[in-house]
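Please keep the sequence and structure in view.

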Amino acid sequence: MTPSSHPYDQLTPDRVLDAIESQGYLSDARIMALNSYENRVYQVGIEESLPIIAKFYRPQRWTKAQILEEHEFSLELHDMEFPIVPPLKNEQGETLHEFEGFQFALFERKGGYPPELDNFDHLLTLGRCMGRLHQLGAAKPFGHRPGINLQRYGKDSVQWLLENDFIPVALLPAYETLSRDILEKLDSIEKHYQPKAIRVHGDAHCGNILWRDDNAHFVDFDDTCMAPAIQDLWMFLSGDRANQTAQLSELLEGYNEFYDFSPIELNLVEYFRTLRLINYSGWLAKRWNDPAFPMAFPWFNTERYWSEHILELREQMAILDEPPLSIMP
């Protein structure tokens with residue numbers, strides 16, 4: 001491997017097929033890369049059987065213990081008949097495999113389409129699913145996986161961006177001042193509201209949910225972590241305040257059938273939304289040496305991107321001062 005190469009450069013189609021066959025499958029040599037950037041995910045054809053999905057974890061991102069906690073949580077949910085696509089076990093009962101320096105897991109291929117967040121029946125079902133997930137998630141904590149918090153998603157991301165010359169010089173003073181003010185505001189919110197952190201999905205956007213058979217099926221627990229319950233709910237909210245209030249009411253109607261939602265967590269909706277905005281830029285910057293990222297996100301690292309991002313953060317700063325959403329009676 002040359003000094004400038006990326007570990008995924010070594011994940012050739014032949015190596016993917018060899019890894020699959022190391023687990024006892026006979027591939028028909030059909031391989032299709034799926035839409036994933038953090039990890040590498042492939043659909044692989046299997047002789048005289050349905051294709052399977054192979055997920056190759058990004059090297060050095062998670063420890064083995066952290067990945068196994070992800071798998072254990074998925075299997076716990078599957079055992080309670082939660083609609084999830086869990087990792088497959090081999091004959092030894094293992095879900096995490098290693099092949100020539102790569103850690104990978106295998107999954108059944110499942111079809112479906114994203115839920116419709118403007119469909120209140122879908123929101124009711126999503127609320128029930130999240131209530132069930134959090135009921136189990138609250139039963140015990142993770143021992144190895146990190147949490148979603150201000151330090152990890154906010155302060156660390158800003159520090160990385162400032163230290164690695166991603167922000168255009170002309171916009172640097174504006175970003176430094178604004179990011180400092182936002183981090184101070186978020187720090188105040190974090191200290192004031194300290195709700196219980198439980199095991200959550202962590203990245204419950206529509207791309208990680210397959211809708212089929214009138215139910216939501218959850219995939220990709222790669223970001224599962226310890227966080228307040230609202231982290232798995234706020235991404236289902238969109239539109240103006242009235243729309244979000246109505247959506248929230250429908251979600252919580254289903255949610256509270258299985259797990260009691262703490263209304264104090266409504267004060268953290270915009271807190272987590274802001275952290276996601278900051279962390280997204282940091283994530284792109286940290287992955288910029290992966291050749292897939294400049295190809296997929298060519299607009300990043302341009303003056304236009306940073307101008308728009310600074311404007312977005314200014315708008316979000318103003319929203320942080322607004323009253324939180326309320327639950328409809």
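Predicted model: local features only at pLDDT ≥ 70, side-chain atom pairs only at ≥ 80, totals over all residues.

Residues are numbered from 1 along each chain as its sequence is written, and side-chain values use heavy atoms, with hydrogens and water left out.

The count of salt bridges comes to 21. The structure also holds one cavity of 30 Å³ or more.

**Salt bridges**

- Side chains of opposite charge can pair when their charged atoms come close.
- A salt bridge here is a side-chain nitrogen of Lys or Arg within 4 Å of a carboxyl oxygen of Asp or Glu.
- Arginine 15 and glutamate 100 meet in a salt bridge, at 2.5 Å from N to O.
- That pair links distant parts of the chain, 85 residues apart: arginine 15 is in helix α1 (residues 13–21), and glutamate 100 is in the loop between β4 (97–99) and β5 (102–108).
- Helices (H or I, at least four residues) and strands (E, at least two) are DSSP runs, numbered from the N terminus.
- Arginine 15 is partly exposed, with a relative accessible area of 23%. Buried means under 20% relative accessible area, exposed over 50%, and partly exposed in between (1.4 Å probe, protein chains only).
- Arginine 58 pairs with aspartate 290 in a salt bridge, with the closest N and O atoms 2.7 Å apart.
- Arginine 58 lies in the loop between β3 (52–56) and α2 (64–79), and aspartate 290 in the loop between α7 and α8 (292–296), so the pair ties together parts that are 232 residues apart in sequence.
- Both arginine 58 and aspartate 290 are buried.
- Aspartate 187 and lysine 191 form a salt bridge, their closest N and O atoms being 3.1 Å apart.
- These two are separated by about one helical turn, because aspartate 187 and lysine 191 are four residues apart in helix α5 (residues 172–192).
- Aspartate 187 counts as buried at 19% relative accessibility, whereas lysine 191 counts as exposed at 57%.
- Salt bridges that share partners join one network, its members including Glu38, Arg40, Lys55, Arg58, Asp220, Arg287 and Asp290.

**Largest cavity**

- A cavity is a set of points on a 1 Å grid over the protein atoms alone, where a 1.4 Å probe fits but cannot get out; a pocket is an open set with protein on both sides within 12 Å along at least five of seven lines, and lining residues have an atom within 4 Å of a point.
- The largest cavity holds about 30 Å³ of space.
- Its lining is Ile148, Tyr153, Gln231, Trp234, Phe272, Leu275 and Arg276.
- Helix α7 (residues 269–286) gives the most to this lining, with three residues.
- Five of the lining residues are nonpolar, one is polar and one is charged.

**Second largest pocket**

- The second largest pocket has a volume of about 400 Å³.
- It is lined by 22 residues, of which Glu270, Ile319, Glu322, Pro323 and Pro324 are the closest to its centre.
- The elements giving two or more residues to the lining are α5, α6 (241–255), α7 and α9 (303–319).

**Glutamine 43**

- Glutamine 43 is found in strand β2 (residues 40–46).
- At 19% relative accessibility, glutamine 43 counts as buried.
- Leaving out residues up to four places away in sequence, glutamine 43 touches Arg30, Ile31, Met32, Leu34, Pro51, Ile52, Ile53 and Arg109 (contact means heavy atoms within 4.5 Å).

Technical notes:
Points joined across faces, edges and corners; volume = space filled by probe spheres on them. Nonpolar A, V, L, I, M, F, W, Y, C, P; charged D, E, K, R; others polar.
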